[in-house]
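Take a look at the sequence and the model before you start.

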Amino acid sequence: MSATTIPAVAEERTAPAIDAPDRPRSTKLRLRPKVRAGRVLLSVLAVVIAIVWVFPVYWMVNSSLLPNRQLQSFIPTFFPIGGSLDNYGNALADGSFFTALGVSLSITLIVVFFCLLFAFLASVAISRFRFRGRASFVLAVLIVQMLPAEGLFIAQYKMISSAGLLNSIVGVSIIYTAAVVPFTIWMLRGFVAGIPAELEEAAMVDGLSRSQAFMRITFPLLAPGLVASGVFAFLQAWNEFTVALVLLPSEQMHTLPLWLRGFIQASATRETDWGQVMAASTLVAVPVIVFFLIVQGRMTSGLVSGAVKG
Amino acid sequence: MTATITTDAVTTAPGRASKPPRRRRGRSVPHLLLIPAVLILLVGMGYPLVWQAVTSLQEFGIAQQFGKPAPFVGIDNYVSLATDPDMWAVVGRSLVFCLVTAAVTLAIGILLAVLMTAVGRAARLTLQISLLLAWAMPVVAAMTVWIWLFDRRRGVVNYLLDMIPGVDMNRFSWLSNPLTFFLVASIIVVWMSVPFVAFSVYAGLTQVSDEVLEAAQLDGASGWQRLRFVIMPMIRPVIAIVLLLQLIWDLRVFTQITMLQDAGSKAGEFDLLGTYIYKLGAGAQDFGMASAVSIFVLALTLAISWFYVRSLLKEDAQS
């Protein structure tokens, strides 16, 4: 409707467009069935693409529910009718899943705790203070964040092994914390900067000390930021493969990604039990998917924030 | 540094101070707050980086593993890399893989973002949920599923392709030929990366105001012209950043290539930079050469990411 009123106004100013008020309406009327048909077609296309894209995830769950007899058939079974949870039982049977879960959980919790602590302190420093070296620190954080694990893991392996920390949770946690802390600082910095310092000042006028004001006013407001950054650190540490591969060679110390890789490695020498592998993959993926959905929006905006806003 | 301080002082001087001049009291406070982060970065990143730079200038092989001192050889490692056809093959493959995969990811991601704006709510949500699920999949879990999908005998991909009349894909082994091996790798990486691109570009597209588009329409711009001359310039910054990130991420595909090699072949012609370094270092124990290749990878990444870092710095200056 607004489309018809705007040209009406414009028409008064520009003389030649005498039939302007009619034209958009009539073309709109003529176009409508065509436009609607196009929209339906596009919607169908969108749903088809959605199905194609989600298919691997669906296939993982579907295969995890099917007995091996059906998976060995040359005609795939597309729906888990008559499926069972037997594959899950088999994947968990030898207990190695729980060993890996324990290793993954220990590493991840350590990394999340220290990342949040270090990043919190650092982000307060760079968003609440102007000081000598601030710009260099921010630059260093941003550059370090870009360094690929592939470009450093051999050196990190050398360092950790000469410190006698191969196959130890401490060694891998140090490397993970260093790798994750830069982006956590960057994420938290945005949250800290979003809380007006005036709030603290008001509290200080009311008689609190600066640290009291910070702990009682700013810190509670920062909770969503801490949760989002914490989940980000969790996902990074939980999913990491490259560094874990070199720092945790002993099977007893395998994290969940390494444990899962073991299934594929074994498939080179013997017939793969795909039902069991897919059950194992599902077990590893589900908690990650849940956590990921919580922070997804924040991660996108953190990575491209400047570009999307400006 | 002095520049920031002076501008800060100027802006804070007249009454309304958004950032109070706290540096008067406790000058050392911010530095103290940075100590833990700086320490962990120095230990976890700084030391390995320096060690690597030094080792890349040394002969550091198995003998040095057993305590023999490592002789300084200058740029010998780099020279032997530069004259090694294997190295050039790996570099070439990595760059082609990175460029092709990033370009395809960008193209599909942008198309899906435009598609999201063109369809109704229900269709858009369906597409978004599906993309989110793909995005959320842990890399290793995604790799096992894809290896199963491309399985020679019972994979769905061969089954579906074989149903096309005239196509015989029965027992086609995707992972035993370098070309199809990297095609599969590229498909998987595109599948994983498109959601991020689509969501970022979609977020950018929703920032383009309806008024501007309406004005362009009234001026007679066709749908294509509006996309080309109004929408594209407005979302160019998002696309630039997403492209840079994609290029950087597609250079670090160690996990994907390693898992595909587990299922296929570990031969040299299936290597990209990541697996090449791994084999040099963890396999052949030639740390001098491995370090030199690593330094090369770091330099390449830094060169690409410089523009990205600069745009983030600009944002930091604004906040």
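The exercises below each come with a worked solution.

This is a predicted model, in which local features need pLDDT of at least 70, side-chain atom pairs count only at pLDDT 80 or more, and totals for chains, interfaces and linings use all residues. Residues are numbered from 1 along each chain as its sequence is written, while chains are lettered from A and ligands numbered from 1 in the order in which they are written.

**Exercise 1.** Find how many helices and strands chain B has, and judge its spread.

*Solution.* Start with the elements: helices (H or I, at least four residues) and strands (E, at least two) are DSSP runs, numbered from the N terminus. Chain B has 14 helices and 0 strands. Next, its radius of gyration, taken over C-alpha atoms, is 25 Å. Finally, its C-alpha trace spans about 70 × 65 × 30 Å along the principal axes.

**Exercise 2.** Work out which helix of chain B gives the most residues to the side touching chain A.

*Solution.* Two residues are in contact if their C-beta atoms, placed from the backbone, lie within 7 Å. By that test, 98 residues of chain B meet 93 residues of chain A. Helix α2 (residues 29-55) of chain B gives the most, with 17 residues.

**Exercise 3.** Locate the bend in α9(B).

Terms used:
Rg over C-alpha atoms; globule rule 2.2 N^0.38 Å. Bend = angle between axes of the 7 residues up to and from the residue.
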